[in-house]
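Please read them beside the model.

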Amino acid sequence: MTTPQVCTRCIMDTTDPEITFDEQGRCNHCTRFFDTIQGVHWLPNGEGKRILDETIAKIKNEGKGKQYDGIIGLSGGVDSSYLLCKVKEWGLRPLAVHVDAGWNSELAVKNIEVLCKKLDIDLHTIVIDWEAMRNVQVAFLRSGVENQDIPQDHAFFAALYRYAIKKRVRYVFNGANFATESILPAAWGYDAMDSTYLSAIVRRFGDGNLKNFPVVNFWEYYIYYPYIRRMTVVRPLNYIHYRKCEAIRELEMNYGWRYYGAKHWESRFTKFFQGYYLPTRFGYDKRKAHLSSLVVSGEITRDEALEEMKKPVYPPEHLESDKAYVLKKLRISQEEFERLINSPRVAENIPTNAKLKMWARHAKKTMKTLFR
Ligand SMILES: [Zn+2]
């Protein structure tokens, strides 16, 4: 095996099959961050503050007479937990919603409860039917596609959005942010919100049954929710000085919240999928993307990121017990799992909504021109 070429500015490398480098050895990922995200969508400065203040005032104004100003999906992870504290601090009245897909770490559940109680925020928990969840997850495993987190991610957002519509809440506060997750190669995993792709996989590699699984289809996600119900997703962490390590410290000190060890370990499945499945089956180590994101936003240095990468991708003492837990829960035998993880990728030509999405983008531009 040849040694991968590593970017000279972040730590992304040729394990991303689509990466490109310029003459200085800088990759397309960090270049995209500096050229099109920083100063445009990521504004941890005065301009960001102005936009955020205006947005908060508008939301408060619209929320007058209503029970809640907005809804916030809580995973128990750093970003959403921290956002909840901020939203409260800004004087907004959110309803917290936790979607339980069956893989919560105990710590994640504790974090959610502790936080909502301390902040005096209403918490609603939606539990996904486990057999439905398992059914979709097993179909995905058998398909062998890269992104095994699509079932969880899709269910989270589908259930959250559906609930927001039901409660007639217009604003959704989302903890996604460019400070800690600006870099993620497209080749390492496909879009979780594509219901065409999700349904096709369940049809081809499972029994096709999505009856009790929350699905948000193209029409709802791109047209009905945003234009007809005017649902608006707000990502406030892009407008403030957000540092992951400072957020953890603040959460631990002020709220009795506890860190669960690494990015996305709040879900036991995601931990196994990112730390074992992806690196073993494809050679993709998502830590490179997470750490590169922190490097470009200036939270850590490139040397610190490289140092962090010397740690094993999976803590060896957790591996066997985590693997046994995941397989038992999914009711997959060790033999079948070994066969799946070592067999060639079988899922080819899965239908997607890419064409529809392109059409929707054109339609959006036209609508903007018409209603300016
Ligand atoms: Zn780079």
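1. Helices (H or I, at least four residues) and strands (E, at least two) are taken here as DSSP runs, numbered from the N terminus. By that count the protein chain has 16 helices and five strands. The model is a predicted one: local features need pLDDT of at least 70 and side-chain atom pairs count only at pLDDT 80 or more, while totals for chains, interfaces and linings use all residues. Residues are numbered from 1 along each chain as its sequence is written.

2. On overall dimensions, the radius of gyration is taken over C-alpha atoms, and the globule rule is 2.2 Å times the number of residues to the power 0.38. The protein chain has a radius of gyration of 21 Å, close to the 21 Å that the rule gives for 372 residues, so it is as compact as a globular protein of that length. Along the principal axes, its C-alpha atoms fill a box of roughly 60 × 50 × 50 Å.

3. On burial, a residue is buried if 20 or more other C-beta atoms, placed from the backbone, lie within 10 Å of its own, exposed if 12 or fewer, and partly exposed in between. Of the 372 residues, 36% count as buried. Lys-328, in helix 14 (residues 316-330), is exposed because 11 other C-beta atoms lie within 10 Å.

4. A nonpolar core is a set of buried Ala, Val, Leu, Ile, Met, Phe, Trp, Tyr and Cys residues joined through C-beta atoms within 7 Å. The largest such core has 68 residues, of which Ile-72, Val-99, Ala-155 and Leu-160 touch the most other members. Helix 6 (residues 150-166) gives the largest share of this core, nine residues. A second, separate core of 15 residues includes Met-12, Phe-33, Val-296 and Ala-305.

5. Two residues are in contact if their C-beta atoms, placed from the backbone, lie within 7 Å. Beyond its neighbours within four places in sequence, Ile-72 has several contacts, among them Leu-83, Leu-84, Val-87 and Phe-173.

6. Helix 3 (residues 78-89) and helix 10 (residues 244-255) pack at about 65°, with their axes 10 Å apart. Axes are lines fitted to C-alpha atoms, for helices over the stretch in contact, and angles run from 0 to 180 degrees between N-to-C directions. Val-78, Ser-81 and Tyr-82 of helix 3 meet Lys-244, Ala-247, Ile-248 and Leu-251 of helix 10 in this contact.
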